[in-house]
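Q: I am new to this structure and would like to learn how its features are read, one at a time. Could we go through them together?

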Amino acid sequence: MNSKTKEIISLIVLFGVALFLTCFFNWSTGISGEAMGGGTDPWYHLRVVEYILENGRNLRWDPLLNFPFGWHNPRPIGFTFTAALVARLLGGAESSAIAALNILPAIFGALCVFPVYFIAEKKSKREGLLAALFLVLTATHINTSAVGSADYDSFNLFFALLTILFYVMAIKALMVQESSVDEKLPGLKALLQEEKSAVKYALISGIFLAILAMSWEGFVYVDLILFLYLLVVQLIDHMRKKSSVRISLVTIIPFLVGPLLSAPYYMTIARRDAWLISVVVLLAALLATFIFLAFRKIPWTLLFPGAIIALLAGLAVLYVLMPDIAELIITGWGYFGGNPVYRTIAEAQPPGVGYLAYLLGPATFFTAFVALVLVMRDVWKKWDLYHIFLCVWFILATFMAVSAARFIFNAGPIYAIMNGILLAYVLSFANFGAIKKDFNRLKRTGRFYALRKSIRIRHVLLALIIALVIFLPNVLLAIDAGSSYEWESENKNWYSDRFMGALGTIFMSEEELEGYRAMANFAEKYDEPSAIEKRPAVASWWDYGFYNIQIGKHPTAADPFQNGYFWASRFFLSQNETHALQMVAARLLSYEGLISREQGIDFLRATGVEEPEAAYDALIKYEYAPYINEEQAVDLLAMIKESTGKSIEYFVTTYREFEFGQMPPYIVITPGVVGAIVRLSGFNESDFINTLWAILYGQRGAVIPQEQWMKSYRTISDPSGSFTVLNEEEALRYVRENREEGYATQHIMTTMTDKLVNSTIYRLYLGLPPQEMPGLEGEYLIYRGRAPAYGMKHFKTVFNNDYVTVARYYPGAIIEGKVYDSNGVPLPGITVEIRDENGVMHDFMNTEGDGSFTLVTPEGDLKIAVTQNGGAIAEREVNVSFEQAMERARIEADVRTEAKEFKGTLKGTAFMDANNNTVFDDGEEAKNATVLVYSTLQQMSATATTDEGGRFTLSLDVGTYTINVISGDYMGQGSVVIDAGKTSELEVPMVYYPGLSQQLQSQIPNLAGIMGGLPSNQTQQPI
């Protein structure tokens, strides 16, 4: 078998391995046509692909984005048209489009093996094969290319590598790499004639750059590599008194061809920022070339500062002529410039060295720098354009990867190439080939003897290091990166949970899909007309706008193209329903193409607002207007909808907004995405979020016993090992002032203030007010169940699960009536609530002197409840249709109470849920467990002790209660509503927390004495 055949077979094998890693684990999920991974972006790719399949052309302007303004589709056509073609071949249905989007990243990720091989092969075939092998085993490459990633990263990388490959071929093909600056410069015609091969490859490089430009707006990343490389070569050539005319020619050709061929596409779309930047790079390259060639005889100490000044002057001119383009160049498209939005995006944050090493290889991340030294040594020994290019590419890729996690994937190929070069050097230095020669020479003396004499200690040690230190971690990480979390969860019998724990595709769960589909299903029933762009819009945090469009089938007011994020933050942080409704109106008023200023002011005047001009000016800046009350805001929204047909009526919150941390025996609520929402709102973050810091005595990182942490959260003590909780400024100042004493700080938790608890996003997702942790009052809020839209008159949940909550806006029907006692006498001053089918209260009031009440309510099969402490003493059912709730219909409904005693019964069962299945199994009875009952006012209302079967019975006043059950190191919690004369049942599964009993003694010191401190009628009742 000749070397060429071996080379081809080796490449095919590596391509096959790459396909296996990216396809095997996720194949069944990826081709099922139901879900995609890769975050939110794939869902907009799917929208574009479906549009292409249906209409045969690209989606240019999208009315579903940035509601009510609309927005152009900024996704270039390369990837989506390719996906549409594959989907057409697969049948053309939505499931085919999803399958195409899921599969394409794996195919193009595996195809990257070939350009990486040929780039590295320019030094030797061994380097090429090793580089391709390292790419196949690079976790970040497999992770981003796995089936289900459904994004265009690997597609774009493939064409970026082809651009670089043919550029490398061009610089390697230069016939004459250098000439003296004293020689006459060749004419352009003669130069093109001399360098036919190099020019040909440069033209092909430019063609692939144009293809990349029509696939990815970030194609200027490749422009930047080539431009910086050109500057470096021009500068060093000038210092060496050599001409750089030839390298300048083959670099300018791609710069010219790429924008030229992609211009027809970019001229047909609204956004041309990326294309204009590529033109600016072309002009900068031409300017640099002119300076270095025209002034080639001037000493570099003078020319270099002059060139810098010229480039800065050019940038200043650009700032005057095109400030937006200049800003994008300086900030690296926002990733490097401190853009407030990018500061809230995970992929735009600088990754730690450990994370870089994890994705690029625990050892290979560092050995790549050793390879850089070797390559630079070769440059020093012998001027070589190829090696200089590798150095520039590596340094720039590292800078970008260190600056933002988004660019780690792009750095994968050059790290693979550098490691291929290094390993080839090591293998050559170790001379493994001598083993075969020595063995053949000595085998006549005996094969075992020949083998023992042929292998040296250095061979064994080096082989072990390469196998165990270099390849084994990369192999394990590559497998982890290629397997989805769903696959890992399904194969726990032999595959450890989450394997190595950090990588792998996360498909959108069926539960999350269900939430957005519910919105689409609701629309089919109630939203008219059925055309999606004419339906009411959705408000969610901007990250999830693509879900609203593609799965929920509605326009979105905020989307991942960074439209509407400021408005969304102001809406979700509004402190009451009046402010929330004002913000909904503000979004519609702020688009003068929809409603003129004069018309908007007339609307406000018609609603009775006393200062309509001032109110309008506040609203279009997304400021809360004190001049507009709740009823006026409802009237304003009705006028806008009637006049324009536009409205925002759906509101989505997700599990990402709030996090529930385990802190035995409680589940603690802490802000999740809410932190980003506050940061982008323009409000003071400390008004919504309180970050707690601890001052530790001793060395930073010292181990502190768990019980010390548990009892010291709010302790101020001396330097004995415990710590105190302060805000960040106080903690850092204390540490600075006492540095010699050995103090350090530690961030321990982020909690919510009253403003966040009162916010619309909290009320739409959690609803119920939080409960303070006993023994740690004022610092921690614990989860006691969710009741989305609790206490909101105009919002009702139309879908809710653990992942997604969808609420809808209703102007609200108006229910009027009176409350009578059993003798027909009106009852003044008694609380009346309106509750929906889920028991969620939407409006309440105390009856007037004549027993009358007026309640605003959404649609549904509702109950009017006369209540005490949250429990019903009388109820009446009332049905409110969707039309009645939307048209503000008035409904009369009186309530008569027959209750004589406002008490009810709780029958509970507690069990030690050892297998965590939340089901009471045999042998899980919680015998003699302590039951603690808290009212809505956080007061201890009753206690009990369970019997042999884990059962307990209590007679309680009408109301809502939180039930805690404790037994040794087991703890469980539940909530229950007690209604008059009724029996409520509750099961409380208890979870095991090691060391819980000791922790409780420190948190609630009087726990042991609680039983004796309560009235005797609140002790255990007979079963």
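**Reading burial, packing and contacts**

A: Helix α6 (residues 113-120) is mostly covered, with 6 of its 8 residues buried, where buried means under 20% relative accessible area, exposed over 50%, and partly exposed in between (1.4 Å probe, protein chains only). Helices (H or I, at least four residues) and strands (E, at least two) are DSSP runs, numbered from the N terminus. This is a predicted model, in which local features need pLDDT of at least 70 and side-chain atom pairs count only at pLDDT 80 or more, while totals for chains, interfaces and linings use all residues. Residues are numbered from 1 along each chain as its sequence is written, and side-chain values use heavy atoms, with hydrogens and water left out.

Q: Which residues of α6 are buried, and what do they pack against?

A: The buried residues of α6 are Val113, Pro115, Val116, Tyr117, Ile119 and Ala120. Contact means heavy atoms within 4.5 Å, and the buried residues of α6 pack against several helices, including α1 (3-23), α5, α9 (153-172) and α20 (408-430).

Q: How is the packing of helix α4 and helix α5 described?

A: Axes are lines fitted to C-alpha atoms, for helices over the stretch in contact, and angles run from 0 to 180 degrees between N-to-C directions. Helix α4 (residues 77-90) and helix α5 (residues 94-111) pack at an angle of about 120°, their axes lying 8 Å apart. The two helices, α4 and α5, are therefore oblique to each other, since angles under 35 degrees count as roughly parallel, over 145 as roughly antiparallel, 65 to 115 as roughly perpendicular and the rest as oblique.

Q: Which residues of α4 and α5 meet?

A: From α4, Phe79, Thr82, Ala83, Val86, Ala87 and Leu90 meet Ser96, Ala97, Ala99, Ala100, Leu101, Leu104 and Phe108 in α5. The residues of this contact divide into 11 nonpolar, 2 polar and no charged, where Ala, Val, Leu, Ile, Met, Phe, Trp, Tyr, Cys and Pro count as nonpolar, Asp, Glu, Lys and Arg as charged, and the others, Gly among them, as polar.

Q: Where is Gln868 found, and what does Gln868 touch?

A: Gln868 is found in strand β18 (residues 860-868), and at 28% relative accessibility Gln868 counts as partly exposed. Not counting residues up to four places away in sequence, Gln868 touches Phe902, Val958 and Gly959.

Q: How many helices and strands does the protein chain have?

A: The protein chain has 38 helices and 28 strands, and buried residues make up 55% of its 1023 residues.
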